[in-house]
Amino acid sequence: MTYETILVERRGPVTLVTLNRPQALNALNSQVLADLIHALEAFDADESQGCAVLTGSEKAFAAGADIKEMSTKGFADMYGGNFFAGYDRVTAVRKPVIAAVAGYALGGGCELAMMCDFILAGENAKFGQPEIKLGVTPGMGGSQRLARAVGKAKAMEMCLTGRMMDAAEAERAGLVSRILPTAELVEEALKTAELIAGMAPLAVKANKEMVNAAFETTLAQGIAFERRLFHAIFGTEDQKEGMAAFVEKRPGVWKGR
Ligand code: CO8
């Protein structure tokens with residue numbers, strides 16, 4: 001399958017999705033949304049695939065939602081058409097998606113990166129919510145996910161001033177899990193994705209689901225949810241295999257059952 005605005009490559013059990021609108025610094029328009037959702041849902045449905053990496057170029061992961069597409073829209077177009085609500089489907093993907101961010105991740109670009117399960121940053125990465133400078137606000141979850149990721153003080157300052165955070169600050173603040181040399185970012189992200197894709201598939205889904213539950217529940221509800229899933233995973237063949245493999249000092253061979 002080929003797309004207009006993204007490139008999709010299968011590397012063994014890993015799907016690499018590259019935003020590909022270099023002329024607009026990968027600004028996210030409706031076509032990108034349609035392409036991305038199609039590619040991620042196909043990845044999620046493909047049993048041969050275990051983890052995805054979403055990346056952009058060395059200059060820009062994505063410089064935001066496409067300002068030219070939005071500039072003439074009014075309330076009826078945005079609210080009536082539920083503009084960009086389809087991006088919620090990125091977070092409905094059940095297998096892990098890693099964002100590999102080099103260069104600008106601004107506005108919708110930062111929001112898209114935060115929809116992924118974790119962010120690996122190139123040394124040149126820059127994160128920001130500059131919507132205020134356009135007279136608007138974040139609209140794809142930025143005010144909520146940034147506040148949860150880095151706390152109120154930094155999130156509020158970034159949303160109110162449009163100031164960008166560099167990779168070092170983003171790592172200190174907990175927005176990104178690791179910083180990598182920009183030239184090695186995608187290969188390193190693919191290695192991390194391959195590692196995840198080599199784990200027991202049901203355990204991967206369960207781990208993702210329970211960490212995400214931490215952002216939706218109270219502590220007691222989250223712990224109860226974790227315990228139920230932990231108990232449930234003992235009904236899988238892969239739990240028997242994983243523990244037997246440890247005892248027998250050999251790698252586990254997973255069935256996804
Ligand atoms: N939209 C459309 N085109 C863009 C965007 C964008 N967000 N960003 C860059 N471009 C285009 C430029 O217009 C330019 O095109 P052209 O050559 O045709 O003029 C090309 O990309 C290259 O950009 P620059 O020449 O500006 O490159 P620089 O290296 O000088 O600057 C910057 C790079 C600093 C990243 C600069 O391009 C910039 O500030 N971009 C805009 C950043 C921004 O404001 N992003 C937020 C957008 S609003 C948003 O994301 C809201 C999300 C919520 C939507 C939810 C809906 C429900």
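**Start with the whole model.** What you see is a predicted model. Color the protein chain by pLDDT: the mean is 97, and 100% of its residues reach 70 or more. The model scores are ipTM 0.98 and pTM 0.97.

**Select residues 201-213 and 219-233.** These are helix α9 and helix α10. Two packed helices are described by the angle between their axes and the distance between the axes. Here the axes come within 10 Å and cross at roughly 175 degrees. An angle over 145 degrees counts as roughly antiparallel, and α9 and α10 are therefore roughly antiparallel to each other.

**Now show the side chains where they touch.** On α9, pick Leu202, Ala203, Ala206, Glu209, Met210 and Ala213. On α10, pick Phe225, Glu226, Leu229, Phe230 and Ile233. What kinds of residues make up this contact? There are 9 nonpolar, no polar and 2 charged.

**Go to Leu25.** Look in the loop between β2 (14-19) and α1 (30-45). Most residues other than glycine have a negative phi. Leu25 is not a glycine, yet its phi is positive, about 50 degrees.

**Finish at Lys249.** Find α11 (237-247) and move to the segment after it, where Lys249 lies. Lys249 is not a glycine either, and its phi is positive, about 55 degrees. Is Lys249 buried or exposed? Its relative accessibility is 78%, so Lys249 counts as exposed.

Methods
Residues are numbered from 1 along each chain as its sequence is written. This is a predicted model: local features need pLDDT of at least 70, side-chain atom pairs count only at pLDDT 80 or more; totals for chains, interfaces and linings use all residues. Side-chain values use heavy atoms; hydrogens and water are left out. Axes are lines fitted to C-alpha atoms, for helices over the stretch in contact, and angles run from 0 to 180 degrees between N-to-C directions. Helices (H or I, at least four residues) and strands (E, at least two) are DSSP runs, numbered from the N terminus. Angles under 35 degrees count as roughly parallel, over 145 as roughly antiparallel, 65 to 115 as roughly perpendicular and the rest as oblique. Contact means heavy atoms within 4.5 Å. Ala, Val, Leu, Ile, Met, Phe, Trp, Tyr, Cys and Pro count as nonpolar, Asp, Glu, Lys and Arg as charged, and the others, Gly among them, as polar. pLDDT is the predictor's confidence in each residue, from 0 to 100. Buried means under 20% relative accessible area, exposed over 50%, partly exposed in between (1.4 Å probe, protein chains only).
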